[in-house]
Amino acid sequence: MPEVPGRRPGFFVVELDGTTIGTIQLDPQDPERPGNRLEAGETELGYLFLPEVWGYGYATEACTAALDWFADALPGEPVVLYTQTANVRSMRLAAKLGFSELERFTAYGAEQWFGVLHKIPGWQSAATSCKDRERPSATSVARTTTS
Ligand SMILES: CC(C)(COP(=O)(O)OP(=O)(O)OC[C@H]1O[C@@H](n2cnc3c(N)ncnc32)[C@H](O)[C@@H]1OP(=O)(O)O)[C@@H](O)C(=O)NCCC(=O)NCCS
């Protein structure tokens, strides 16, 4: 991963054995988003993985790598996350990554969860504790340059 972020903090492609299995975004918060909480942090985490690879811990591993990169590139900057409370997998992932709930609110006709992550030196996500569990193989996370 590069040491200096571009205008867009990060767009990452996650590969497993050479095949793309997901993407991770670290984007500026969208000022047009209904119910946005711009004051809590400028950068928002987003993630999308293929359903075939859910349940193996790849999202946790890859998001941890992306957040580690972000913490090195922009030390002390918080990262925020929006997800629907009905999205159980996403809620579990947010908790494992260390996000803390700031607020729940209704938008797009559903309850939304809003959380923040302040990484400090030596931070480790809950993902570390299950690293040695069996699964096909490890992911690689590459940041693409976009603006
Ligand atoms: C949200 C999303 C990324 C979560 O994917 P996921 O695979 O469930 O997430 P994780 O990587 O944390 O995997 C956790 C699961 O892997 C299991 N696992 C297996 N081996 C593991 C290992 N070695 N290490 C860690 N977890 C492991 C865990 O037990 C857990 O299983 P469970 O779901 O049965 O409890 C995925 O559902 C997704 O892409 N959804 C669509 C996009 C979306 O909803 N985005 C949210 C808005 S930003």
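Two residues count as in contact here if their C-beta atoms, placed from the backbone, lie within 7 Å. By that rule, and leaving aside neighbours within four places in sequence, Cys-63 is in contact with Ile-24, Tyr-47, Leu-93 and Leu-97. This is a predicted model: local features need pLDDT of at least 70, side-chain atom pairs count only at pLDDT 80 or more, and totals for chains, interfaces and linings use all residues. Residues are numbered from 1 along each chain as its sequence is written.

**Overall layout**

- The chain has two helices and seven strands; these are DSSP runs numbered from the N terminus, with helices being H or I of at least four residues and strands E of at least two.
- Going along the sequence, the order is β-β-β-α-β-α-β-β-β.
- Take the contacts between residues at least 6 apart in sequence: 67% of them join residues at least 24 apart.
- Of the 147 residues in the chain, 28% are buried, where buried means 20 or more other C-beta atoms within 10 Å of the residue's own, exposed means 12 or fewer, and partly exposed is in between, with C-beta atoms placed from the backbone.

- Helix 1 covers residues 58-73, so 16 residues, and spans 23 Å from first C-alpha to last, close to the 22 Å expected (1.5 Å times one less than the number of residues).
- Its buried residues are Tyr-58, Ala-59, Thr-60, Ala-62, Cys-63, Thr-64, Ala-66, Leu-67, Trp-69 and Phe-70.
- As background, an α-helix has 3.6 residues a turn, so residues three or four places apart point the same way.
- The largest nonpolar core has 26 residues, and Ala-62, Cys-63, Ala-66 and Val-79 have the most contacts inside it; such a core is a set of buried Ala, Val, Leu, Ile, Met, Phe, Trp, Tyr and Cys residues joined through C-beta atoms within 7 Å.
- Two or more residues each come from strand 1 (10-16), strand 2 (19-28), strand 3 (43-49), helix 1, strand 4 (79-84) and helix 2 (88-97).
- Helix 1 is the top contributor to this core, with eight residues.

**A buried lysine**

- Lys-119 sits in the loop between strand 6 (110-117) and strand 7 (139-144).
- Lys-119 counts as buried because 20 other C-beta atoms lie within 10 Å.
- Setting aside neighbours within four places in sequence, Lys-119 is in contact with Leu-67 and Ala-71.
- Lys-119 and Ala-71 are 48 residues apart in sequence, yet 6.6 Å apart in space, C-alpha to C-alpha.

**Strand pairing around strand 6**

- Strand 4 and strand 6 run antiparallel and are joined by six bridges; strands pair if DSSP finds at least two bridges between them.
- On that side, Val-80 stands opposite Val-116 in strand 6.
- Strand 5 and strand 6 are also antiparallel, with seven bridges, and here Phe-105 stands opposite Gln-112 in strand 6.

**Positive phi in the loops**

- Strand 5 and strand 6 form a hairpin with two residues between the strands, and Tyr-108 there takes a positive phi near 55°.
- Tyr-108 lies in the loop between strand 5 (100-107) and strand 6, and is classed as exposed because it has 10 C-beta neighbours inside 10 Å.
- Asp-17, in the loop between strand 1 and strand 2, has a phi near 50°, a positive value in a residue other than glycine.
- Asp-17 is exposed, since 10 other C-beta atoms lie within 10 Å.
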